[in-house]
Amino acid sequence: MKNILLYFGSFNPVHKGHIALAEHAVEKGLCDEVALIVSPQNPLKPSEELAPDLDRFEMVELACAASRYPDRIRASAVEFLLERPSYTIRTLRYLEELHGTDMRFSLLMGADLVEQLDRWMEYEEILKHYTIYVYPRSGHTVGRFADKVVLLADAPLRDLSSTAVRKAAERGEALAPMVGPEVEAYIRRKGLWNPDARLEQLDTLVGQGEATAAVYVERGKLHYKRADWGRALNDFNAALRLDGSCGEARELADMVSEILAFRYKDYYNP
């Protein structure tokens, strides 16, 4: 029976820290293969700045192919096939139905996620039936679930994060030291986390009449970051016309109105 270590994540984007952990698992004999499962959306994380599913999957494929064990570290899009939002227990049951007779599954996760385990759907079942390997994360410790998981104290601890990669991409900085040349080339080619490219994409959606409230909110945020208050306010109000219950659009519209009222007192208070 083949041992498969499942490494779930948004991988937004995948970086060298992710791959280093997968390589460590292989080298320590924790599994026969590591599957980096690209999640459509983590129910416990906001979806802001989440790149399209296929882009994130293709970047993981590139990173796995460039790893030291390309035949044992692979990308998986299995959660793209399942009901959304994705929940780990549902994915595990799906995999058991398909491969339970010839594969044994375990999980790899960071210490920060262990702290949230009791918020997962049917987390007791996961703890009961699956080995969970935990790698250290700076500023996080394994607390009350310490006796139910396996801590990989010697796992590589790299000062990398997907957030840092996205911010560097927005600033036009070199990404290869963090993600490798293959993933950097993909990010540049697709214009991911490039504010100008994303704004152009959103403009196209609006121009084609395909904009949702979320599209207007996202475009409004880009205008907001540029201090283009008028366009930002127009977009947040457009989002509210489409979805009056959108609390984020309401909050942002109020913030911009306050900024305008402060900056243009004579206009607002003749």
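**Packed helices and charged pairs**

Modeller: Helix H10 and helix H11 (residues 229-242) cross at roughly 165°, and their axes come within 8 Å. The model is a predicted one, in which local features need pLDDT of at least 70 and side-chain atom pairs count only at pLDDT 80 or more, while totals for chains, interfaces and linings use all residues. Residues are numbered from 1 along each chain as its sequence is written, and side-chain values use heavy atoms, with hydrogens and water left out.

Helices (H or I, at least four residues) and strands (E, at least two) are DSSP runs numbered from the N terminus. Axes are lines fitted to C-alpha atoms, for helices over the stretch in contact, and angles run from 0 to 180 degrees between N-to-C directions. H10 is therefore roughly antiparallel to H11 (under 35 degrees is roughly parallel, over 145 roughly antiparallel, 65 to 115 roughly perpendicular and the rest oblique). The crossing of H10 past H11 is left-handed, that is, the near helix is turned anticlockwise from the far one by less than a right angle; clockwise would be right-handed.

In this contact (heavy atoms within 4.5 Å), H10 contributes residues including Tyr216, Arg219 and His223, and H11 residues including Trp229, Asp235 and Phe236. By class, the contact of H10 with H11 holds 10 nonpolar, 2 polar and 4 charged residues. Here Ala, Val, Leu, Ile, Met, Phe, Trp, Tyr, Cys and Pro count as nonpolar, Asp, Glu, Lys and Arg as charged, and the others, Gly among them, as polar.

H10 (residues 213-225) also packs against helix H9 (residues 195-207), at an angle of about 140° and with the axes 10 Å apart. That angle makes H9 oblique to H10. H9 passes H10 in a left-handed crossing. Among the residues in contact are Leu199 and Leu202 of H9 and Tyr216, Arg219 and His223 of H10. The contact of H9 with H10 has 8 nonpolar, 1 polar and 4 charged residues.

Charged pairs can be followed elsewhere in the chain. The whole structure contains 20 salt bridges, each a side-chain nitrogen of Lys or Arg within 4 Å of a carboxyl oxygen of Asp or Glu.

Aspartate 53 and arginine 84 form one of them, with their closest N and O atoms 2.8 Å apart. Aspartate 53 is in helix H2 and arginine 84 in the loop between E3 and helix H3 (88-99), so that distant parts of the chain, 31 residues apart, are linked. Aspartate 53 is buried at 19% relative accessibility, whereas arginine 84 is partly exposed at 46% (buried means under 20% relative accessible area, exposed over 50%, partly exposed in between, with a 1.4 Å probe and protein chains only). Beyond its neighbours within four places in sequence, aspartate 53 touches Pro40, Phe80 and Arg84.

Glutamate 23 pairs with arginine 68 in a salt bridge whose closest N and O atoms are 3.2 Å apart. Because glutamate 23 lies in helix H1 (residues 16-27) and arginine 68 in the loop between H2 and strand E3 (73-76), the pair ties together parts 45 residues apart in sequence. Glutamate 23 is buried at 8%, while arginine 68 is exposed at 52%.

Glutamate 33 bridges to arginine 74, with the closest N and O atoms 3.7 Å apart. Glutamate 33 belongs to strand E2 (residues 33-38) and arginine 74 to strand E3, so this pair ties together parts 41 residues apart in sequence. Glutamate 33 is buried at 16%, and arginine 74 is partly exposed at 40%.
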